[in-house]
Structure formats: C-alpha cells, structure tokens
Amino acid sequence: MTVADPKATSVTEPLLLNAVRGKDVERPPVWLMRQAGRYMKSYQIISEKHPSFRERSENVDLVVEISLQPWKVFQPDGVILFSDILTPLSGMNIPFDIVKGKGPVIFDPIQTASDVEKVRDFTPEESVPYVGEALTILRKEVNNEAAVLGFVGAPFTLASYVVEGGSSKHFSKIKRLAFSQPKVLHSLLQKFATSMAKYIQYQADKGAQAVQIFDSWATELSPVDFEEFSLPYLKLIVETVKRTHPNLPLILYASGSGGLIERLPLTGVDVVSLDWTVDMAEGRRRLGANVAVQGNVDPGVLFGSKEFITERIKDTVKKAGKGKHILNLGHGIVVGTPEENVAHFFEVAKGLRY
C-alpha cells in the first residue's frame with residue numbers, strides 16, 4: 001500500500017471542482033452570474049465613491065473588495081473575479097471605455113486588414129497585472145472554501161464588440177465583415193484566440209481554479225456560421241489551455257444558445273452553461289453525458305415570491321439530475337433584484353441534498 005501524498009489530502013477540494021469532475025457530491029454547488037454588482041447595496045456605495053467602471057475593475061483593492069462582497073454575505077461555492085470581458089482590449093492596442101448608461105464604446109472600430117494588423121498580442125502580466133494580483137488575494141481570502149473563478153471573452157464576441165464599436169442590435173458590421181471579407185475577420189479571431197488562451201493560463205497561474213468563457217454574441221450566428229467563426233477558435237483556446245493546465249475546468253456560457261447546444265461540447269470544454277430558454281432536462285439530454293452543465297434558472301424568478309424561487313430551484317436541480325451540475329442562473333442577476341431574494345436563493349440551494 002502506498003501512502004497518499006499528504007499535500008493532496010490535507011486541503012479538501014472546493015465542492016464546485018468535485019462536482020465538475022463527476023465526483024460524488026451531496027448537493028450541486030451554487031454561484032450566480034453577476035453575483036457582485038448593482039443589485040447589492042454595498043456595491044452601489046462603492047460605485048458612488050468610484051463612478052468609473054474601469055477604475056472599479058482595474059484597481060486591485062476594489063476588484064478584491066467587490067469580488068468578495070457576495071462571498072461575505074452569501075458564501076457561494078464559486079467566487080468570480082470582478083472584471084469585464086473587454087478588460088484586455090487596451091493591452092491589445094484597442095482603446096475603449098465603459099460609459100455609464102451606454103455600455104462599452106470602442107473608439108476606433110476595426111474595419112480593415114490594416115486595422116487588424118495594429119492589434120497587438122496580449123501579454124497579461126504587462127497589461128493587466130491587477131487581475132493576477134486580485135486572483136492571488138482572492139485565493140488567500142476564500143481559502144479553498146469555495147472555488148475562485150476567472151473569466152474571459154470568446155473571440156467572436158470580442159470581435160463583435162470591436163467591429164461594431166460597442167453593443168449591437170443587428171450585428172450588421174461584423175456580419176458584413178464575415179460574409180464579404182472572411183479572411184480579415186479570421187485573422188482578428190486568431191489574434192483573440194491566442195491572446196485569450198494566454199489570458200486563461202495567466203489567470204490559472206495566479207489562482208483561478210476554473211475559468212468561464214463568455215461567447216454572448218456567438219448565438220447571433222446561424223449554426224453553419226458558428227462552425228466557421230466561433231467553434232474553431234473556442235476549440236483552439238481549449239486545446240491550448242489543456243496542454244498546460246489539463247485539470248483546469250473550463251466553462252462555456254453563451255446566452256441564447258438553444259439552437260447550438262449539440263455543437264457546444266465539441267469545443268472540448270468541461271461545463272456548458274445553459275440559459276433559461278432551454279428546459280434543463282432537455283438541455284442535459286442534448287449535451288450528452290460527458291459534459292457537466294451549469295444553470296439555468298431565469299434571473300426573473302428572483303423577482304418572484306420566496307416560495308416560487310424555492311420551487312424553481314428544486315425543479316431545475318431535479319431536471320439536471322445527480323452530479324455534474326453547477327446551479328446558477330441562465331444569465332446575470334438583473335439590476336433591481338431584491339437582495340433578500342438572492343439570499344433566499346443561496347440559502348435554499350445550500351440546504352439541498354441529493
């Protein structure tokens with residue numbers, strides 16, 4: 001009989017990691033997208049003092065404080081870094097800002113091959129050292145009682161922002177590029193893919209125990225275009241990261257992905273996060289047994305009564321089945337959500353037993 005490595009056994013792994021890896025767990029781990037944010041009184045107070053979103057998301061002390069706000073109040077099983085998917089852009093020579101009430105603004109939207117040439121490869125330790133510092137502090141603070149989560153934007157979604165110049169309704173600019181000058185878009189997507197793979201590796205090295213990839217806008221693509229402009233780049237990211245960090249769980253979230261569900265596991269991610277427009281039991285069936293699932297309670301449910309919230313949590317967990325499920329919302333917490341209802345969500349979730 002060999003003696004187990006004492007280092008491996010002295011610290012218990014966070015529940016979230018065990019669940020993703022298909023180990024036997026007593027309940028599904030729970031965290032909520034946008035659990036740190038504007039619905040919380042404590043966040044509003046910080047925002048008044050620091051009105052610039054970029055300051056709040058690019059200052060180590062503020063990032064740590066905001067990331068820990070929900071941890072201190074609700075003890076979720078995942079503590080996600082407070083940041084933005086556009087945070088790397090400045091370091092890639094794409095100037096931007098996040099304007100209150102308007103959202104992201106890209107000052108010089110990308111239109112041509114020469115614009116793409118000006119985009120630099122991302123070096124996280126030089127451009128966003130505060131992200132690494134914040135993750136390292138979060139790991140210490142959370143002390144393995146929950147998993148510390150990092151996140152990045154996916155190539156197609158980042159490309160959409162920088163080509164459209166911000167948020168978009170019809171995605172006509174990125175589609176014009178995709179369908180009339182695909183080579184230009186592919187070279188931009190390639191840059192984002194190598195940069196985001198590096199960014200995930202950096203976050204993991206600095207303390208992230210799992211990383212979520214947001215491909216919010218890929219669901220604006222028809223399946224055949226998803227297969228050309230999103231899927232290969234997600235695959236590339238996953239393959240690159242798995243070479244250096246084979247045990248790092250990767251979560252893929254794309255809202256509105258109902259028409260693409262079968263294609264999402266082809267990326268190689270460990271977890272697919274479903275939005276609420278998909279029935280959890282059907283989503284689980286369509287994903288297959290090899291991938292874990294996250295989600296997918298409608299954030300609007302948090303405006304309902306406590307009984308209603310309880311009912312929906314139980315329904316979702318039952319439909320997801322035992323194991324390989326992270327309980328979450330199908331989208332971020334909506335501004336104006338009553339904080340006591342979020343508290344109730346966590347309380348019910350943490351009291352569940354399979």
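Q: Which residues line the second largest pocket?
A: Happy to walk you through this predicted model. The second largest pocket holds about 160 Å³ of space. Its lining is made up of Trp276, Val278, Asp279, Met280, Asn296, Val297, Asp298, Arg312, Asp315, Thr316 and Lys319.

Q: Which element gives the most to the lining of the second largest pocket?
A: Let's look at the elements behind that lining. Strand E8 (292–297) and helix H15 (306–320) each supply at least two residues. With four residues, the one that gives the most is H15.

Q: Which element gives the most to the lining of the largest pocket?
A: The largest pocket has a volume of about 1400 Å³. Of the 43 residues lining this pocket, the closest to its centre are Arg34, Arg38, Phe53, Ser83 and Asp84. Two or more lining residues come from each of helix H3 (41–49), helix H4 (53–58), strand E2 (96–99) and strand E3 (103–106). The element that gives the most, with four residues, is H3.

Q: Is proline 76 buried or exposed?
A: Proline 76 sits in the loop between helix H5 (60–74) and strand E1 (78–80). Beyond its sequence neighbours up to four places away, proline 76 touches Val30, Trp31, Gln35, Pro70, Trp71, Ala146 and Phe346. Buried means a relative accessible area under 20%. Proline 76 has a value of 1%, so this residue is buried.

Methods:
Residues numbered from 1 in each chain as written. Predicted model: local features only at pLDDT ≥ 70, side-chain atom pairs only at ≥ 80, totals over all residues. Heavy atoms only, no water. Buried < 20%, exposed > 50% of the residue type's maximum accessible area, 1.4 Å probe, protein only. Contact = heavy atoms within 4.5 Å. 1 Å grid on protein atoms, 1.4 Å probe; cavity = no way out; pocket = protein on both sides within 12 Å on 5 of 7 lines; lining within 4 Å. Points joined across faces, edges and corners; volume = space filled by probe spheres on them.
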